[in-house]
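Here is a short report on aromatic pairs and surface charge. Start by looking over the chain.

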Amino acid sequence: MRTFARPAIEMVDTMRQIAASDPERAIAFGGAPGSNSHQAAMQFDPDCLPLPYLGFEDALDAVKQGRAGCAMIPIENSQHGRVSDIHFLLPDSGLSIVAEHFMRITHALMATGPGPFEAAYSHPQALGQSREYLQKHGIVALAHADTAGAAAYVAEMQDPKFCALAPPMAAQLYGLDIIEEAVEDAHDNTTRFVVLANQALDHAAFDGVQAMTTLIFEVKNIPAALYKALGCFATNGVNMTKLESYQKGASFAATRFYADIEGAPGDPRVDAALDELEFQTNGVRLLGSYAQARKRG
């Protein structure tokens with residue numbers, strides 16, 4: 001049975017009970033209390049009711065089922081790139097992106113004793129962001145569902161050979177000692193989160209606001225398919241700030257692209273670009289439009 005480590009369970013139960021009293025204020029996130037997603041939710045809305053779940057998919061389901069008003073989901077990191085599986089989860093969720101949030105990420109090495117350590121548990125993103133540190137100290141990286149969950153697991157094991165990489169807040173919550181702070185390899189380490197809700201924002205919300213739109217499109221399996229698709233934005237003066245390819249299914253015959261563009265539907269340039277994109281591709285799906293949280297470029 002999938003569950004949190006024992007030191008986290010009581011906190012999770014309490015947070016869920018509080019969130020159930022006012023679901024619209026609840027922000028669901030994947031991870032144990034003290035995770036980066038937990039802290040991002042509190043930064044984004046200090047008055048929210050944080051609602052922890054084991055994984056991103058569970059957090060998205062909580063929004064769909066009305067247990068939370070929105071979900072806070074990490075999608076990319078400045079050092080380690082795209083968060084695994086997110087390109088599949090967001091389109092399939094049926095939810096809309098309504099905001100973005102950037103957060104500086106720092107990892108602390110924490111344990112029940114001073115070491116030396118054979119292995120460190122953490123989320124694969126955190127392990128990748130601290131790869132040089134782990135290699136330098138001869139510590140084996142062991143994947144866990146999330147950073148704070150790894151801290152709770154190390155606290156439950158009480159084995160001095162194991163440590164966790166997690167936000168400093170997790171050490172306080174789970175009674176671990178911080179052995180070393182800021183072990184991430186790059187100290188401008190930043191994660192971009194998106195906030196998802198059941199209802200998309202009205203386009204009128206972007207009057208006088210610099211907006212972003214996230215979309216997915218599938219190119220046709222013909223020569224110059226991507227060139228023609230990107231030309232839709234170039235000829236209409238729409239700036240694309242992100243483009244990533246991925247495959248869905250095993251045919252490898254048609255590639256999907258995840259893209260961010262500046263602007264939102266209702267802007268004549270964006271409307272023209274999207275109309276042309278519909279013609280040039282097998283399909284286009286808008287995942288949401290929202291205000292820019294930081295200037296691109």
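## Aromatic pairs and a charged patch

At 1% relative accessibility, F217 counts as buried. This is a predicted model. F257 is buried too, at 9% relative accessibility.

A pair of aromatic rings is described by the distance of the centres and the angle of the planes. In this structure there are four aromatic pairs. Two of them are set out below.

| Pair | Centre distance | Plane angle | Type |
|---|---|---|---|
| F88 and Y246 | 5.3 Å | 90 degrees | edge-to-face |
| F217 and F257 | 5.6 Å | 20 degrees | stacked |

Take F88 and Y246. This pair links distant parts of the chain, 158 residues apart. F88 sits in helix α4 (residues 86–93), and Y246 in strand β13 (residues 240–246).

Now F217 and F257. F217 belongs to strand β12 (residues 211–219) and F257 to strand β14 (residues 256–262), so the pair ties together parts that are 40 residues apart in sequence.

Ring pairs also join Y121, Y153 and F162 into a cluster.

Which residues form a negative surface patch? They are D271, D275, E276 and E278. E278 lies in helix α10, which spans residues 268–280. Is E278 buried or partly exposed? E278 has a relative accessible area of 44%, so this residue is partly exposed; the partly exposed class runs between the buried limit of under 20% and the exposed limit of over 50%.

Conventions. Residues are numbered from 1 along each chain as its sequence is written. This is a predicted model: local features need pLDDT of at least 70, side-chain atom pairs count only at pLDDT 80 or more; totals for chains, interfaces and linings use all residues. Side-chain values use heavy atoms; hydrogens and water are left out. Patches are made of residues with over 30% relative accessible area and no salt bridge: like charges are joined within 9 Å, nonpolar side chains (Val, Leu, Ile, Met, Phe, Trp, Tyr) within 5 Å. Accessible areas come from the Shrake-Rupley method with a 1.4 Å probe; for residues, only the protein chains shown count as cover. A salt bridge is a side-chain nitrogen of Lys or Arg within 4 Å of a carboxyl oxygen of Asp or Glu. Lys and Arg count as positive and Asp and Glu as negative; His and the chain ends are not counted. The place of a charge is taken as NZ of Lys, CZ of Arg, CG of Asp or CD of Glu. Helices (H or I, at least four residues) and strands (E, at least two) are DSSP runs, numbered from the N terminus. Buried means under 20% relative accessible area, exposed over 50%, partly exposed in between (1.4 Å probe, protein chains only). Rings of Phe, Tyr and Trp (its six-membered ring) pair if their centres lie within 6.5 Å; planes under 30 degrees apart count as stacked, over 60 as edge-to-face and the rest as tilted.
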